[in-house]
Amino acid sequence: MIESVGMMNDIYELQQIRQHISERYRSDPNIRINVSLRQPRLHFNNVPVKITGVCRHIFQVEEVSPGPPKRHALQYTDVLTHDIELLDF
């Protein structure tokens, strides 16, 4: 029983994260993020990005930097596990 309560809480938090990112995508998609992922290997520290898309399980960002645009697909679950930190929220 306790395990199912924890799962329900994680699902609720994940829905809140997804909703918050979707709202930010529509209102002001420019944010700063920290990312520390092992697979794929991706590390950002206070990098400005633009949210370019939101889907059911992932959201897409594009680095706002000189040179050719670099796009990344990130998972909402990585925000929940703190592997991705959204700094402007």
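Predicted model: local features only at pLDDT ≥ 70, side-chain atom pairs only at ≥ 80, totals over all residues.
Five strands make up an open sheet, ordered 4-3-2-1-5. Pairing in the sheet is antiparallel. Strand 4 (71–75) and strand 5 (84–86) form the edges, each pairing on one side only. On average, neighbouring strands of the sheet are turned by 45° against each other, with direction ignored.

Between helix 2 (76–80) and strand 5 runs a loop that contains threonine 81. The relative accessibility of threonine 81 is 47%. Threonine 81 is therefore classed as partly exposed, because this class lies between the buried limit of under 20% and the exposed limit of over 50%.

Two polar atom pairs involve the side chain of threonine 81. One is with the backbone: the oxygen of aspartate 78 lies 3.4 Å from a polar atom of the threonine 81 side chain. The other is between side chains, where threonine 81 makes a polar contact with aspartate 83 at 3.2 Å.

A further distance places threonine 81 relative to histidine 43. The two residues are 38 residues apart along the chain. Their C-alpha atoms are separated by 15 Å.

Definitions and conventions
Residues numbered from 1 in each chain as written. Heavy atoms only, no water. Pairing = 2+ DSSP bridges. Helix = DSSP H or I, 4+ residues; strand = E, 2+ residues; numbered from the N terminus. Axes fitted to C-alpha atoms, helices over the stretch in contact; angles between N-to-C directions. Buried < 20%, exposed > 50% of the residue type's maximum accessible area, 1.4 Å probe, protein only. Polar contact = N/O pair within 3.5 Å; in protein donor to acceptor, adjacent residues only side chain to side chain.
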